[in-house]
Amino acid sequence: MQTPAAIKLQEGAVPEIRRSGDYAVVAITKHGAELARRLQASFGGATDVYYMSKFARGDEAERGIQLFEGSVRLLYPALFPAYQGLVCIISLGAVVRMIAPLLEDKKKDPGIVVIDDKGEHVISVLSGHLGGANELTREVAAALGARAVITTASDVQKTIAVDLFGRRFGWTWDSADKLTPVSASVVNEERVAVVQESGEPDWWLHDTPLPPHIRTYGDISSALADEPQAALVVTHRLLEPEELPILANGVLYRPKVIALGIGCNRGTSAEEIEAVVRDTLSELRFSLQSVKAVCTIDLKQDEEGLVAVCRSHGWPLVCYTPQELNEMPIDDPSDTVYKFTGAYGVSEPAAKRYTGAQQLALTKKKSGNVTISVAVAPFLK
């Protein structure tokens, strides 16, 4: 796999960068690069990663990681105005010296977070409140299993940061339109509903109970009955018309919980696979944004159409051996499939093995050259 060209950092020149997320992680050591890669995996498309080219592993182009050569100090003039927050796996003193000439105003400066090279401490350095560095610190620390270090005396409210909610799990929101008013409702202690139908349950980061003005619900109808003033809704489903009022002052989050088990004939086009995926999710009333991975048999690890679809969406292609697939109980084992692959099924056992789900949302559907199964990852509460 080809390594992308590195950014050449030069004195007096602001380098060109490719911004795709709201946050950037910067590393200059071998251990730091590994931590940066872990954070990218945890935070998904919300985070861009930059590290020195000498630590390249060959998959940077595929993962969207940007490499650089030269003094990292020269990278910050490009990063500072581009991102909401910067996570620096660099010593605290060095970061302070590098960002000092770039500081403008606490209303404009991005949140700055520093991590030590072993990933043991995550420190909120700049723009703790307005820039969101304190909440970003907590999210990063939770993702790494590290200790969050926050020194602002006024950081006592201990509530939900709406724009970072579930970010370490890879949750995304459908729209950012209501982030500000919902955040205001949370901070002003209005009645707030957290509706969670799927996704990781351990999103509360604080060592204190959930504030009394925030209540949790397992479904939208129950929350609507209590008439909350704001809502955070976590679901992989497409909402029904009667459920839409919950978003009058609400943010809809998409947890990464859907696994697509896919089998296909050799040479099946990416367009056909893409169409089957979209049609199937539409029939199930599931969101494409909640897909976490595509799972299949190892014979398909180089299937061009399948690889292309995964690449276009940023989904990992998870491959299992026939033996691993045959360990999973399935409803309709096929001797024909076994004859050609050594497995009694592909899409169904692959989806089950990846998610650990006993029951699938869609056991198996054959459409043209594609067979698809759909699983929703269960989480114990």
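I begin with one cysteine: C88 is buried, its relative accessible area being 0%. Buried means under 20% relative accessible area, exposed means over 50%, and partly exposed is in between, with a 1.4 Å probe and protein chains only.

A word on the source. This is a predicted model, in which local features need pLDDT of at least 70 and side-chain atom pairs count only at pLDDT 80 or more, while totals for chains, interfaces and linings use all residues. Residues are numbered from 1 along each chain as its sequence is written, and side-chain values use heavy atoms, with hydrogens and water left out.

Back to the cysteines. A disulfide is a covalent bond between the sulfur atoms of two cysteines. Here it is counted as a pair of cysteine sulfur atoms within 2.5 Å. How many disulfides does the structure hold? The structure holds zero. Take C264, which is in no disulfide: the nearest cysteine sulfur belongs to C310 and is 10 Å away. C264 counts as buried, at 8% relative accessibility.

Next, the nonpolar cores. A nonpolar core is a set of buried Ala, Val, Leu, Ile, Met, Phe, Trp, Tyr and Cys residues joined through side-chain atoms within 4.5 Å. The largest one has 26 residues, and the members that touch the most others are L39, Y51, V87, I115, L136 and V140. Which elements give two or more residues to this core? They are β2 (23-27), α1 (30-43), β3 (47-52), β5 (85-89), β6 (111-115) and α5 (133-144). As for those labels, helices (H or I, at least four residues) and strands (E, at least two) are DSSP runs, numbered from the N terminus.

Look at V87 on the model. Setting aside neighbours within four places in sequence, V87 is in contact with A24, V25, V26, L39, V113, I115, L136 and V140. Contact means heavy atoms within 4.5 Å. Another core, of 23 residues, lies apart from the largest one, and its members include V26, Y50, I112 and L126.

Now a sheet. Strands of a sheet pair through backbone hydrogen bonds, either parallel or antiparallel. Two strands count as paired if DSSP finds at least two bridges between them. β9 pairs with β13 (residues 250-254) in the antiparallel sense, over two bridges. W173 has Y253 in β13 as its bridge partner.

On to charged residues. Side chains of opposite charge can pair when their charged atoms come close. A salt bridge here is a side-chain nitrogen of Lys or Arg within 4 Å of a carboxyl oxygen of Asp or Glu. That rule gives a count of 21 salt bridges. I will show three of them.

One is R266 with D302, where the closest N and O atoms are 3.5 Å apart. This pair links distant parts of the chain, 36 residues apart: R266 is in the loop between β14 (258-264) and α8 (270-284), and D302 is in the loop between β15 (291-297) and α9 (304-313). R266 is exposed at 52% relative accessible area, and D302 is exposed at 51%. A network of salt bridges links R266, K300, D302 and E303.

Another is E274 with R278, whose closest N and O atoms are 2.6 Å apart. Both residues lie in helix α8, four residues apart, which is about one turn of the helix. Is E274 buried or exposed? E274 is buried, with a relative accessible area of 18%, whereas R278 counts as partly exposed at 44%.

Then there is R353 with E327, with closest N and O atoms 3.0 Å apart. R353 lies in helix α12 (residues 347-355) and E327 in the loop between α10 (322-326) and α11 (335-341), so the pair ties together parts 26 residues apart in sequence. R353 counts as partly exposed at 28%, and E327 as exposed at 55%.

Last, the backbone. Most residues other than glycine have a negative phi. E227 is not a glycine, yet its phi is positive, about 50°. E227 sits in the loop between α7 (220-225) and β12 (230-234) and counts as exposed, at 59% relative accessibility. R285 also has a positive phi, near 65°. R285 is in the loop between α8 and β15 and counts as partly exposed, at 33%.
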